[in-house]
Amino acid sequence: MRDIAGTVACIDGNTFMVSDASGDVESSPGTPVGLFAADTRFLSRWALTVNGERMAALSVDDSQYYEVTFFVVPGGAVDYVQADVSAIRRRRIGPDLTESLTIFNYGERDMELDVRLEVAADFADIFEIKFDIGDKVGSHYTQVRPDELCLGYRRGTYRREVAVSASEPADFDPNGLRFAVRLRPGEQWSTRLQAAMRALRPDGVDLRSVLRAQRPDDSTLPASVQAWIAAAPTLDTDSAALQQVYQRSLVDLAALRFAPLSLGGAAVPAAGLPWFMTLFGRDSLLTCLQTLPVTPSLAPATLRILASLQGARTDDVLEEDPGRILHELRYGESAAFEEQPHSPYYGTVDASPLFVVLLDEYERWSGDRALVMELEQEARAALAWIDLYADLTSTGYIWYQRRNRATGLDNQCWKDSWDSISYADGRLPGFPRATCETQGYAYDAKIRGARLARTVWGDPDYADRLEREAAALYDRFNRDFWLEDRGYYALALDHDLTPVDSLSSNIGHLLWSGIVPPERAPRVVEHLMGPALFSGWGVRTFAEGQRRYNPLGYHNGTVWPFDNSFIAWGLRRYGFRNESGRIAEGILSAATYFEGRLPEAFGGFDRNTTRFPVRYPTAGSPQAWSSGASMLLIRTMLGINPHEDHLAVDPALPSAFGRIALLDIPGRWGTVDAFARQRPNKP
Amino acid sequence: MTATSAFFERLTVAGQDPRFSKVCGSIRFDIRDGDHLEQWRLNIDHGRMQVTKGPDPATTVIRVSAQVAEAMARGEVNGLAAIARGEILVDGDLGLALRIGRLFPRAPGPSHGDADSGA
């Protein structure tokens with residue numbers, strides 16, 4: 001993976017284009033730039049020249065996520081721009097790419113311009129780019145027609161194609177197209193370029209035509225964004241920074257919506273640009289949990305698609321079990337030919353309990369009992385998976401050990417990099433492993449499942465059983481994971497039940513799940529807010545002092561906004577109002593350094609040392625659960641919780657904010673407002 | 001008997017599947033072997049399954065070669081991957097087709113998940 005700083009992205013769900021600041025794409029292996037749809041790169045080169053000169057960017061307007069405008073002039077980066085000729089490229093992403101190119105002659109002479117667009121398509125799968133795999137099995141083809149350049153890739157019955165055309169007469173050749181443009185002084189010339197992306201079946205039917213039907217004309221997408229924003233509550237606050245974060249997050253959540261082909265148009269969140277532009281079980285469930293007060297429409301669609309793809313059999317490549325909720329779903333060539341296991345891949349241990357947690361939380365907000373009835377079997381199967389398939393050592397915990405040894409994930413919790421689970425002295429535990437936060441999710445899922453069984457499914461016996469199991473898990477967990485001498489919970493259990501003794505942010509999630517006895521909570525909170533974990537911006541994934549701590553370690557020391565938002569929720573649950581507020585203040589302040597867009601993660605350096613949050617090199621942005629983090633932090637500051645048929649409000653504002661009001665919060669109560677104001681005599 | 005007809009025989013005998021108690025819809029499998037077209041129609045009404053042979057219309061149609069159909073019936077096909085690579089063509093309700101995919105076994109032979117289906 002490489003840093004893609006300085007790039008410009010244009011997004012519509014899992015279709016997106018990443019270019020340089022002049023609008024050009026010149027991809028090299030291993031770099032995620034180009035035009036992508038459904039995990040496939042349809043354009044790997046898209047480079048404009050005028051009279052043989054490349055264009056240099058003067059300014060870029062990307063205020064709409066699906067549209068970017070580049071103001072460019074010919075010539076490299078020089079001190080003095082002789083800009084008689086200038087151009088505007090207005091790019092728009094929808095089901096296909098359109099780009100309007102306008103060239104101006106503000107000079108005093110007639111101009112003969114050779115306008116050239118270099119085009120290439122490598123049809124690389126996103127995993128070929130991620131792992132820098134060069135050679136493709138299938139064959140490329142090129143068809144030059146009078147009115148279009150068609151580039152294709154074929155491997156057996158798998159076929160992908162991109163057709164580039166223009167509204168003005170052009171000369172097409174295998175490497176692009178060319179316009180001969182004559183401009184008198186003061187004249188301008190325009191053309192509208194299109195790159196139509198096709199996923200062709202052997203009978204010629206384009207699988208992507210459904211997407212075109214969902215975006216019948218140019219106004220569909222802007223109208224849907226307006227409707228999305230109009231349906232969300234209005235934030236009223238004296239903090240311009242918070243307002244910026246809220247608006248940015250709302251729009252980024254809109255950008256990442258995509259409609260899986262099997263769902264009839266309903267949208268779910270893709271996880272994030274550029275590597276995760278698809279459905280992830282864990283990311284989408286946590287994003288829905290974060291955003292219920294603001295964009296609840298994501299939740300039923302997410303629950304439905306995860307239910308429809310719930311595991312039904314046992315498969316060691318996909319790591320599928322009956323009842324298991326998927327980890328990752330991909331549509332690219334590597335998934336299609338089962339070279340990667342993502343069709344779908346089930347290697348996660350938290351998505352199944354979180355599925356039940358979201359179903360219950362969604363019902364509490366929406367009162368949508370019909371959905372709880374509709375998904376009863378899937379929820380029961382997810383709960384059954386916890387006990388029947390995840391307890392690999394028959395000790396009453398969720399464990400993981402990959403069965404797909406070639407391409408499966410070592411760590412199947414949210415910290416899924418290979419070295420994320422280690423002892424304080426740096427040793428890696430054996431397998432299977434049981435991480436602490438997953439046991440919390442299982443406990444919460446059983447408690448919430450019991451509520452659904454009692455109040456909606458009419459099965460009190462099942463509810464009693466789930467509650468008994470939850471109580472037993474609570475006792476067992478507090479016996480086996482608690483490190484009395486340290487005053488916190490072990491990150492995980494090793495295969496032989498030895499506690500993996502490092503101090504990590506995972507213990508914060510335990511507060512959210514409610515598996516911590518109230519008398520132990522103060523000691524846990526002391527660690528979360530202590531200097532080893534709390535950087536001043538937020539809680540680090542991994543504490544200073546652990547052998548593998550690194551402030552730029554992906555899961556070993558960086559600060560993740562999503563992680564912090566759930567910790568803040570947990571702190572509120574246990575009554576730690578000020579501590580929750582400190583996290584909200586820290587994370588939301590950090591957002592101002594990223595123009596309101598919280599990245600996936602940032603450096604774990606101390607706030608007093610760096611004074612600004614240090615960018616993590618390959619952090620994805622926008623990232624759904626980072627956008628969701630700001631929504632959840634607003635929820636925790638307002639202290640809003642559904643309580644029977646109304647919304648309870650119990651604000652706890654950190655001193656950085658004078659006033660926050662969230663107006664028209666949707667739910668079973670219709671819409672209500674929640675207010676928080678700084679008290680004159682604050683504690 | 002081919003694995004395909006054995007598969008549909010099994011569905012006929014089973015008659016119902018509790019996993020589909022909230023599912024209603026009809027799916028026709030058009031299985032082509034050269035010039036020969038074999039058609040099976042599966043109707044699901046709240047878990048009750050009815051199999052008929054022939055060209056009756058259905059809301060969702062799945063088109064495959066006889067070779068792929070045999071592999072599916074033997075449990076050797078990942079349906080989603082096969083759709084993405086163009087070996088299984090689905091017209092109609094893709095979501096329903098994916099659910100119905102659970103009726104097919106997965107090699108190597110029936111998994112212990114099948115123990116749940118009679119519950």
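Helices H6 (298-308), H8 (351-366), H11 (436-455) and H12 (460-480) of chain A are among the elements that cover the buried residues of H10(A). Helices here are DSSP runs of H or I with at least four residues, strands are E runs of at least two, and both are numbered from the N terminus. Everything below comes from a predicted model, where local features need pLDDT of at least 70 and side-chain atom pairs count only at pLDDT 80 or more, while totals for chains, interfaces and linings use all residues. Residues count from 1 along each chain as its sequence is written, and chains are lettered from A and ligands numbered from 1 in the order in which they are written.

So what does H10(A) itself look like? Helix H10 of chain A spans residues 376-388, 13 residues in total, and reaches 18 Å from its first C-alpha to its last, close to the 18 Å expected at 1.5 Å a residue. That expected span is 1.5 Å times one less than the number of residues. Its buried residues are Glu378(A), Ala379(A), Ala381(A), Ala382(A), Leu383(A), Trp385(A) and Ile386(A). Buried means 20 or more other C-beta atoms within 10 Å of the residue's own, with C-beta atoms placed from the backbone.

Now for the domains of chain A. The assignment, which is automatic or from a database, gives domain 1 (8-214) and domain 2 (220-412 + 536-543 + 550-677). Their centres, taken over C-alpha atoms, are 33 Å apart. Where they touch, 25 residues come from domain 1 of chain A and 22 residues from domain 2 of chain A; contact means C-beta atoms, placed from the backbone, within 7 Å. On the domain 1 side, strands E1 (8-12) and E2 (15-19) and helices H1 (126-130) and H2 (209-214) of chain A each give two or more residues, and H1(A) gives the most, with 4 residues. That side divides into 14 nonpolar, 5 polar and 6 charged residues. Ala, Val, Leu, Ile, Met, Phe, Trp, Tyr, Cys and Pro count as nonpolar, Asp, Glu, Lys and Arg as charged, and the others, Gly among them, as polar.

Chain B makes its own contact with chain A, using 20 residues from chain B and 27 residues from chain A. Helices H3 (79-84) and H4 (94-100) of chain B each supply at least two residues of the chain B side, and H4(B) has the largest share, 4 residues. By class, the chain B side has 6 nonpolar, 6 polar and 8 charged residues.

Chain B also has an open sheet of 5 strands with mixed pairing, in the order E3-E2-E1-E4-E5. Its edge strands, E3 (48-53) and E5 (89-91) of chain B, each pair on one side only. The twist averages 20° from one strand to the next. Helix H1 (residues 3-14) of chain B packs on the sheet, touching E1 (24-33), E2 and E3 of chain B, and its direction makes about 140° with that of E3(B). Angles run from 0 to 180 degrees between N-to-C directions, with axes fitted to C-alpha atoms, for helices over the stretch in contact.

| Strands | Bridges |
|---|---|
| E2(B) and E3(B) | 6 bridges |
| E2(A) and E4(A) | 4 bridges |
| E4(A) and E5(A) | 3 bridges |

E4(A) and E5(A) form a hairpin with 2 residues between them, and Ala38(A) in the turn has a positive phi of about 45°.

Terms used: Two residues are in contact if their C-beta atoms, placed from the backbone, lie within 7 Å. A residue is buried if 20 or more other C-beta atoms lie within 10 Å of its own, exposed if 12 or fewer, and partly exposed in between; C-beta atoms are placed from the backbone. Two strands pair if DSSP finds at least two bridges between them.
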